[in-house]
Amino acid sequence: MKPFAQILTVVAAACGVSTAFGQGMLKGTEPAAWPKMGHEFRSGLTYDNRGFASGDQAGHPKSLATMTVERAKLKFTGDLAPDVSFFVRLAFEPTAKQALDYAMLTLRLDEHWSIGSGKTWNYISGYEWPNSLAEYVGTSAFPFTMGATTVLSGYSKQTFELAYKGGINWRVQLFDDVKVVSDDKGNRTSGGYFSSGIQPAASLQLQLDSLAGTAWKPLLQLATYDAGHSRIVSLGGQYKDGPWLTYVQTAVDLQAQINSGERTIHQRSYANGLIEYSHPEWTPFLRWQWFDIKQGGTNLKGNSASVKDVSDIDDNIKSLSVGGRFMRYGERFMPYFALAASQGDFQDSSDETTTKIRNLAQIKLGVISKL
C-alpha cells in the first residue's frame, strides 16, 4: 500500500471508519455517508367528550367537550458513525411542559452488545414503545402505560442501559425513580415507599426471536423500584408475519406503601392487546386495554368521584380503540384516525361503596411522517 493510502487508512480508523471506507475513497468508489439522518413527525387533533369528568353530584358539574391539538412532535434519528446511533424527540404542543421529550445515545460494541444513556422510555411498558401506538391510539393518558398511577411507566430523567441481541435478546435498564404523581407544588402524593431522596430503579427485559420456530416472540419483563420495596412483572407475546401484527401483554405492579410504619401492597393490574393488518392502501387496527387497582385491605371498586381529567384516573378502566393509517403515499405521509371508547367505575362522592359507570368517547385525527 502506498504511503498516502496508509496514512488515510490510519486516519479513517482513528475516526471510527472502516479500512474499506478509506480504501474506497482512494479507488474512487462512493464512500459511506456519515452522519445518516432521519426524522419522524406527528401532529394531530383529539375530540374528547370529557365523559370521565362528567359529574352527577353537586359540586361536580358536567364538563364541556373539547377539541385539542395533540402530539405535535418531531423526532430525529440517525447514525453519527457506523457504531454510534441517536434519537431526539422535541414536543411542539400547547400542553408540553418542556420542549425535550427524550433523547438517547447508543454505542454498538459489536454485533451483539450495545450500551446507551439518556432520557428515554422505560421498556417495562411492554410493546407500547416499539410499536408507538400509545402515541395516537386510546385515551390521552391511559394509566399504566402513560404514568398516571405507577412509577416506572413513562420517561425517566436519566437512563443507562445494556443490551444484547442474539437468540435471546435482553436489556437491562438502570434509571432514577420517576415521580409521576404530584400535587400543584410538585410534591409526590401517591405511590411508592415514600423514602427520602431519590431511589434508583432497575428493569430487565427478555425476549426470544422466535417461539419454537413460529412467528411468536414471547416477552418477560421484571422491574424493581423504591429501594426494592416495589416490583413489576410483565408477560407478553408478539406475532408478526407478513401483513399481520398482533400482541398481547399483561402486567402486575406490586407497589409498597408505608404509612405510620404499616406496610401494605397496592396491586395494579394491566392488560392490553392489538391486532393490525398492513395493506398498501390502509393499515387498520383494533386495540383494547384494561386497568384495575386493589388497594391493600381497603380495596375501592372505582375511581375517585372528583376526577376532572383523564390523567387523574387512578383505578378501574377499560378501553377499546379502532382506526387505521392511510398508506397510499408510504411512510412519508400517513394520515391516521382512531375512535376510542373507554368505560370506568366512579365512586359516589357521598358513599365510596357506591359506584356509577361513566363513558368516555374520543376521536383522533392526525398525520405521521417518517424518513
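Reply: Ring pairs link W282, F326, Y329, F333 and F337 into a cluster; here rings of Phe, Tyr and Trp (its six-membered ring) pair if their centres lie within 6.5 Å, and planes under 30 degrees apart count as stacked, over 60 as edge-to-face and the rest as tilted. The model is predicted, which is the setting for local features needing pLDDT of at least 70 and side-chain atom pairs pLDDT 80 or more, while totals for chains, interfaces and linings use all residues. Residues are numbered from 1 along each chain as its sequence is written, and side-chain values use heavy atoms, with hydrogens and water left out.

By the ring rule, the count comes to 10 aromatic pairs. One of these joins W113 and W170, whose ring centres are 5.4 Å apart with the planes at 80°, so the pair is edge-to-face. Because W113 belongs to strand β5 (residues 113–119) and W170 to strand β7, this pair ties together parts that are 57 residues apart in sequence; strands (E, at least two residues), like helices (H or I, at least four), are DSSP runs numbered from the N terminus. W113 is partly exposed at 31%, and W170 is partly exposed at 23%.

R171 also lies in strand β7, which covers residues 168–175. A polar contact of 2.6 Å joins the side chains of R171 and E161, a polar contact being a pair of N or O atoms within 3.5 Å in which, within protein, one must be able to donate a hydrogen and the other to accept it, and residues adjacent in sequence count only if both atoms are side-chain atoms. Leaving aside residues up to four places away in sequence, R171 touches Y123, E161, L162, A163, S203, L204 and Q205, where contact means heavy atoms within 4.5 Å.

Charged side chains meet rings as well, and a charge sits over a ring if NZ of Lys or CZ of Arg is within 6 Å of the ring centre and within 35 degrees of the ring normal. The charged end of K75 sits over the ring of F87, 5.1 Å from its centre, and R358 lies over the face of F346, at 4.4 Å from the ring centre.

Technical notes
Buried < 20%, exposed > 50% of the residue type's maximum accessible area, 1.4 Å probe, protein only.
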